[in-house]
Amino acid sequence: MKTFKIFAMFAMLIMLASCADEKKTQEPVVTAPPPVEVYQPTHQTASVDLTAIKTYEYRNAPTGVAATSVEVKYDKTPYAQPIEIKYSYANGDTFTYVIPKDFGIWANENGKLRVVKDADCTVWIQGQTKRGKFHELIFYGNPKYNGSKIKPNSYRNPPAGEIKYRK
């Protein structure tokens with residue numbers, strides 16, 4: 001009988017030991033999520049070389065997507081400061097054209113400077129260099145108009161003006 005009690009106790013200890021092993025849980029391996037790459041907007045600038053441009057200078061859209069807005073900065077006094085045409089895009093990118101201060105914008109007969117921009121972010125500027133050479137500068141903001149010609153009118157649709165596209 002004594003042996004039976006020892007066997008019973010021994011069996012009970014083995015059961016307790018085996019139950020304790022089953023209760024151990026594996027700790028899950030936590031892996032860090034891959035870092036999320038945040039897009040860094042780019043800001044590009046291009047200078048317009050007045051010695052190398054044509055009388056009627058058409059510039060294609062600087063990117064393959066349409067600009068969301070365009071801002072034209074100029075001084076009303078000719079040749080006072082450079083002219084900046086800044087395109088903004090949906091992803092935060094910007095593209096800026098800089099026309100040197102050697103270019104002056106003409107005024108129409110009503111006294112409004114000949115700068116017209118439209119809803120498609122096309123900009124038309126008419127003026128001359130300090131040396132007296134006439135230029136019309138056209139900058140497209142939407143690539144669907146690349147290669148097309150325009151018919152600007154600084155008198156219509158005041159104060160913005162009007163631009164009609166043609167092939």
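A cavity, in what follows, is a set of grid points where a 1.4 Å probe fits but cannot get out. With that in hand, the largest cavity here has a volume of about 60 Å³. I will come back to that cavity after a look at the chain. One thing to keep in mind throughout is that this is a predicted model.

First, the overall layout. The chain contains one helix and eleven strands.

How many cavities of 30 Å³ or more does the structure hold? It holds one. The residues that line the largest cavity include a run from D75 to Q81, that is D75, K76, T77, P78, Y79, A80 and Q81. I83 and L113 are also part of the lining. Which strand gives the most to this lining? That is strand β6, residues 103-105, with three residues. Sorted by class, the lining of the largest cavity has seven nonpolar, three polar and two charged residues.

Next, the largest pocket. The space in the largest pocket comes to about 200 Å³. Its lining takes in L50, T51 and I53, then P100 and D102, and then T129, K130, R131, K133 and H135. By class, the largest pocket is lined by three nonpolar, three polar and four charged residues.

Last, the salt bridges. A search of the whole structure turns up two. In one of them, R59 pairs with E57, and the closest N and O atoms are 3.1 Å apart. Is E57 buried or exposed? E57 has a relative accessible area of 12%, and because buried means under 20%, E57 counts as buried. The other salt bridge joins R156 and E162, where the closest N and O atoms are 3.8 Å apart. R156 has a relative accessibility of 44%. That value lies between the 20% and 50% limits, so R156 counts as partly exposed.

That is the end of the tour.

How values were computed
Residues are numbered from 1 along each chain as its sequence is written. This is a predicted model: local features need pLDDT of at least 70, side-chain atom pairs count only at pLDDT 80 or more; totals for chains, interfaces and linings use all residues. Side-chain values use heavy atoms; hydrogens and water are left out. Helices (H or I, at least four residues) and strands (E, at least two) are DSSP runs, numbered from the N terminus. On a 1 Å grid over the protein atoms alone, a cavity is a set of points where a 1.4 Å probe fits but cannot get out, and a pocket is an open set with protein on both sides within 12 Å along at least five of seven lines; lining residues have an atom within 4 Å of a point. Grid points are joined across faces, edges and corners, and a volume is the space filled by probe spheres set on the points. Ala, Val, Leu, Ile, Met, Phe, Trp, Tyr, Cys and Pro count as nonpolar, Asp, Glu, Lys and Arg as charged, and the others, Gly among them, as polar. A salt bridge is a side-chain nitrogen of Lys or Arg within 4 Å of a carboxyl oxygen of Asp or Glu. Buried means under 20% relative accessible area, exposed over 50%, partly exposed in between (1.4 Å probe, protein chains only).
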